[in-house]
Amino acid sequence: QQGNYDKALLLYQQLLQQAEVPANIIDAQTGIMRCAFTQKDYAIVIPAAKNLLNMEKVPEEIVREASYKMGKSYLETGDPDQALPILSKVATDVKNVEGAESKYLIADIQYKKGAVDQAEKEILEFLDQNTTHQYWLAKSYILWADIYLSRGDSFQAKATLQILKESYTVKDDGILLQVDEKLKWIDSQNQEKK
């Protein structure tokens, strides 16, 4: 909690070596995973998360967190094919933040792989699921605009971004800045075509 992740990681590793009670082993593995994830040491995150997922009586929220962090770690290390099935499991519940981000990430992975129709399908599912996590929903709208642009439909891309700009209420999380930049880019592209 003090932000000294190096020392915490070392202590959790020591706890893991000495722990015999299952709850302490779960706490140690969870601590190792969290510290390593915060430090972007994905080579430690992945096995710690796998260990947690293979243990018995791990609380559901820790299972979700471990799956999410393992999926994100695979993504961060350039392995979207490994990330996709893991994030898909997390994305079944978009009422929690890990699920909402995972749903967006799945659409983004599909888009980057060139599976534009599949990416759009993921976004449409996300819109229907009534998440409370507006940031990830907004990111999905921006991605949806990119999908329209990839199809050469700048009118629909611009309309999608305008809807987002008019309805998104948070001013300081970077979403509206991304929307404005993309709208300016679309306008500049349209000007060049004239």
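Okay, let's start with a helix pair: α4, residues 60–76, packs against α6, residues 97–112, at an angle of about 30°, and their axes sit 11 Å apart. Angles under 35 degrees count as roughly parallel, so that's what we call α4 relative to α6. And before I go on, keep in mind that this is a predicted model.

As for handedness, α4 and α6 cross in the left-handed sense.

So who's touching whom? On the α4 side, the contact is made by R64, E65, Y68, K72 and L75. Facing them from α6 you've got E98, E101, S102, L105 and I109. If you sort that contact by class, you get five charged residues, four nonpolar and one polar.

The largest pocket holds about 290 Å³ of space. There are 15 residues lining it, and the ones closest to its centre are Q1, A8, Y12, G31 and C35. Two elements each give two or more residues to that lining, namely α1, which is 5–18, and α2, which is 22–38. Which of the elements gives the most to the lining? That's α2, with six residues.

Key:
Residues are numbered from 1 along each chain as its sequence is written. This is a predicted model: local features need pLDDT of at least 70, side-chain atom pairs count only at pLDDT 80 or more; totals for chains, interfaces and linings use all residues. Side-chain values use heavy atoms; hydrogens and water are left out. On a 1 Å grid over the protein atoms alone, a cavity is a set of points where a 1.4 Å probe fits but cannot get out, and a pocket is an open set with protein on both sides within 12 Å along at least five of seven lines; lining residues have an atom within 4 Å of a point. Grid points are joined across faces, edges and corners, and a volume is the space filled by probe spheres set on the points. Helices (H or I, at least four residues) and strands (E, at least two) are DSSP runs, numbered from the N terminus. Axes are lines fitted to C-alpha atoms, for helices over the stretch in contact, and angles run from 0 to 180 degrees between N-to-C directions. Angles under 35 degrees count as roughly parallel, over 145 as roughly antiparallel, 65 to 115 as roughly perpendicular and the rest as oblique. A crossing is left-handed if the near helix is turned anticlockwise from the far one by less than a right angle, and right-handed if clockwise. Contact means heavy atoms within 4.5 Å. Ala, Val, Leu, Ile, Met, Phe, Trp, Tyr, Cys and Pro count as nonpolar, Asp, Glu, Lys and Arg as charged, and the others, Gly among them, as polar.
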